[in-house]
Amino acid sequence: MPQISNVAESIEAVDSGEQQLQIPESLPVLPLRDIVIYPFMIVPLFVSREKSIRAVDEALGENRMIFLVSQRDLDKEEPAAEDLYTTGTVAVIMRMLKLPDGRIRILVQGLARARVEEVADTGEYLKARLSSMPEPAAPERSLEVEALVRNVRASMERATNLGKNISPEVMAIVAGLDDAGRLADLAASNLELKVEDAQSVLDIADTTVRLRRVNELLNKEIEVLTVQQEINTQARADIDRSQREFFLRQQLKAIQTELGEGNELAEEIAQFREKIEAAAMPRHAEEDALRQLKKLERMHPDAAETATLRNWMEIMTDLPWSKASVDNLDLVKAQQILDEDHYGLEKVKERIVEALAVRKLKEKPKGSIMCLVGPPGVGKTSLGRSIARALDRKFVRLSLGGLHDEAEIRGHRRTYVGAMPGRIIQALQQAGTNNPLIMLDEIDKVGADFRGDPSSALLEVLDPEQNNSFRDNYLGVTFDLSNVMFMTTANVLDTIQPALRDRMEVIRLAGYTEEEKLEIARRHLMPKQIEENGIAARNVQISKKALSVVVHQYTQEAGLRQLEREIGRICRKVARRIAEGKSEAVRVTPKNVHEYLGAPQLVLTGQLGEVMRESAQAAYSYAKSRAKELEIPEEDFERYDMHIHIPEGAIPKDGPSAGITLATAMVSSLSQRAIRKDVAMTGEITLRGNVLPVGGVKEKVLAARRARVTRVILPHLNRRDMDEIPKELFGEMTFIFVENVRDVFREALKEKAPPAAAPVQRPPRLPQAAAPRV
């Protein structure tokens with residue numbers, strides 16, 4: 001709201017001509033956008049709208065009088081009658097100046113209030129028919145009016161003291177002005193009111209009511225000014241404190257410069273402060289970092305604790321507190337990447353794409369952690385790497401094999417020498433984003449000792465309800481792990497802590513069929529080994545039949561590592577030939593594969609666990625109780641000892657699956673009945689001879705197929721698992737389902753050889769029986 005200029009002169013001018021001025025019944029209208037003009041105000045106005053300029057010209061051509069009224073909508077360019085307030089001010093144009101840009105500048109003085117009766121649009125400008133608004137004088141010596149006048153004067157004085165920009169000339173007029181109506185208008189014109197509030201004062205003709213309204217607006221303005229002053233005082237105090245700290249810091253810097261120390265530390269502190277601001281940490285972490293930074297600033301550069309605190313600051317500022325990669329949730333692309341990297345494993349890839357679909361529909365799904373379980377070399381870790389590539393996330397692999405110290409997960413406290421954060425925080429620092437895919441490899445090989453149980457620490461890491469506030473002992477503050485995608489791998493589930501296993505969704509990778517191995521070797525293993533050994537594809541050709549020989553005779557595994565090693569052996573021999581100058585291509589066939597790989601070798605795996613001991617004891621008890629039925633001399637159980645040996649391999653083997661196998665081997669030895677060479681079996685046995693179902697049927701069938709077995713004996717309750725068996729195996733293998741161990745003996749044992757013509761003395765020890773394949 002523009003302030004009054006030369007108010008004393010305006011009041012004198014109006015007073016002197018008040019009896020001579022006659023307000024016409026109609027006047028040209030000048031709409032005002034953001035101002036309300038009161039009587040006795042002298043205000044400069046800039047006029048730019050065509051109709052407004054013509055209205056000014058019309059007024060100057062007549063009696064220099066014009067009607068000033070405010071618009072309801074400030075953005076209205078061509079206001080109509082309904083867009084104007086009904087109360088305005090009749091004013092006289094004192095001066096007019098035309099500007100070069102086409103606008104005009106006029107100086108107007110308000111004369112009196114007037115009410116709009118009708119507004120007409122002449123086409124050139126707006127013209128209003130007016131009615132006067134007589135202002136009744138305030139009652140003389142009225143206590144209310146006197147009190148309101150004093151309050152308005154005092155409030156104006158207080159507003160000035162609180163910082164309100166009111167000129168001393170106006171304050172002098174306020175102090176000497178006795179007319180209550182003019183005092184109200186003068187106060188309202190200097191309060192910078194909104195148009196609505198200013199118009200509410202103009203609408204009131206009664207002097208006492210108007211003065212009361214102005215007093216209310218003044219009190220509201222004082223409240224706003226008081227709060228504003230408090231804010232300014234607080235801000236000024238903060239600025240003063242910052243200036244004081246800066247001054248002291250400069251003094252400290254000068255002292256350190258004189259002593260020849262502290263320059264490098266000061267530079268480091270400045271860099272740490274910039275990194276803290278750029279890291280966008282959560283509030284609690286930023287406060288702790290700034291507190292430790294002030295502590296570092298006061299330390300001697302050569303102090304031992306300075307190095308410890310510096311390392312902590314580096315880790316805190318390097319962590320990706322707010323840096324995240326954007327997920328690519330294109331399911332078609334994800335399926336394409338999984339198919340490129342892995343052949344087969346259709347159910348596993350289907351489950352992974354389903355998990356990605358859920359992430360596409362929900363920003364932060366609280367699903368279970370996927371645990372890929374299977375033998376070595378089936379592609380568990382590479383599957384995690386493919387998922388990260390499909391999501392456009394960073395991939396970090398953590399090997400947990402042999403982990404015994406809980407501090408490896410939660411971190412060491414900074415009080416220890418050589419303390420460092422846990423592996424989870426280190427993985428995030430390595431990834432550079434707060435939402436990588438972290439693969440926890442070999443989770444089944446986590447140990448525990450007097451230093452704690454890492455599996456218990458992993459419970460917090462892998463629990464979606466807890467890991468949003470994971471606390472590392474080294475950092476001392478919480479870090480949000482809810483954006484991280486965790487996956488785990490294991491060879492077996494038995495050694496995983498039950499509570500930890502409960503937080504994971506187990507996805508089994510049983511192994512590969514012969515056809516899958518051949519296709520994987522052609523697509524992935526051969527190009528990889530050719531590149532790693534520095535040769536070209538034209539230098540070596542391995543036929544499909546040769547690869548089949550390698551699979552059958554040189555590898556006995558569910559995975560692909562041994563197959564890759566054998567292909568690597570062939571490629572190295574080819575590389576040697578090329579290095580010796582023999583450039584002709586090498587073609588590997590079934591006939592010459594032994595020239596590159598040597599004679600085939602047999603690989604045995606497994607070891608006797610506690611459950612297998614119980615199965616062996618149950619089989620022995622059954623054989624002893626059915627000795628007569630099985631044609632076993634009862635004295636043999638007293639005369640001979642029974643020793644069962646299962647070779648040990650890389651993966652501990654335990655479980656109930658070998659029950660009927662052990663029983664068949666015992667009965668074969670004791671009854672002198674040979675075992676068929678083309679049979680494999682699995683199933684648990686009870687003391688009564690019933691055959692119970694087992695797990696892992698698909699893995700065992702695939703292993704039997706690799707061993708060239710054509711007949712497989714399974715518990716009858718495992719018939720439901722046949723849906724998982726690859727269809728191509730049904731044409732090559734015969735599946736026999738049994739309910740009792742007697743059925744097993746009938747299918748697996750050959751008939752007892754007839755006795756010789758001359759009696760032969762029974763040998764002092766049992767002959768060695770052919771061990772069935774498990």
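Me: What makes the place of Arg113 a strand position, and which strand is it?
Reply: Arg113 lies in β5, residues 104–121. Strands are DSSP runs of E, at least two residues, and helices are runs of H or I, at least four, numbered from the N terminus. The model is predicted: local features need pLDDT of at least 70, side-chain atom pairs count only at 80 or more, and totals for chains, interfaces and linings use all residues. Numbering starts from 1 along each chain as its sequence is written, and side-chain values use heavy atoms, without hydrogens and water.

Me: Why does Arg113 count as buried?
Reply: Its relative accessibility is 1%. Buried means under 20%, exposed over 50%, partly exposed in between (1.4 Å probe, protein chains only). So Arg113 counts as buried.

Me: How do you know that Arg113 and Asp185 make a polar contact?
Reply: Their side chains are joined at 2.7 Å. A polar contact needs N or O atoms within 3.5 Å; within protein, one must be able to donate a hydrogen and the other to accept it, and residues adjacent in sequence count only through two side-chain atoms. The Arg113 side chain also reaches the backbone oxygen of Leu202, at 2.9 Å.

Me: What makes β7 and β13 a pair?
Reply: Strands pair if DSSP finds at least two bridges between them. β7 (369–373) and β13 have 5, in the parallel sense.
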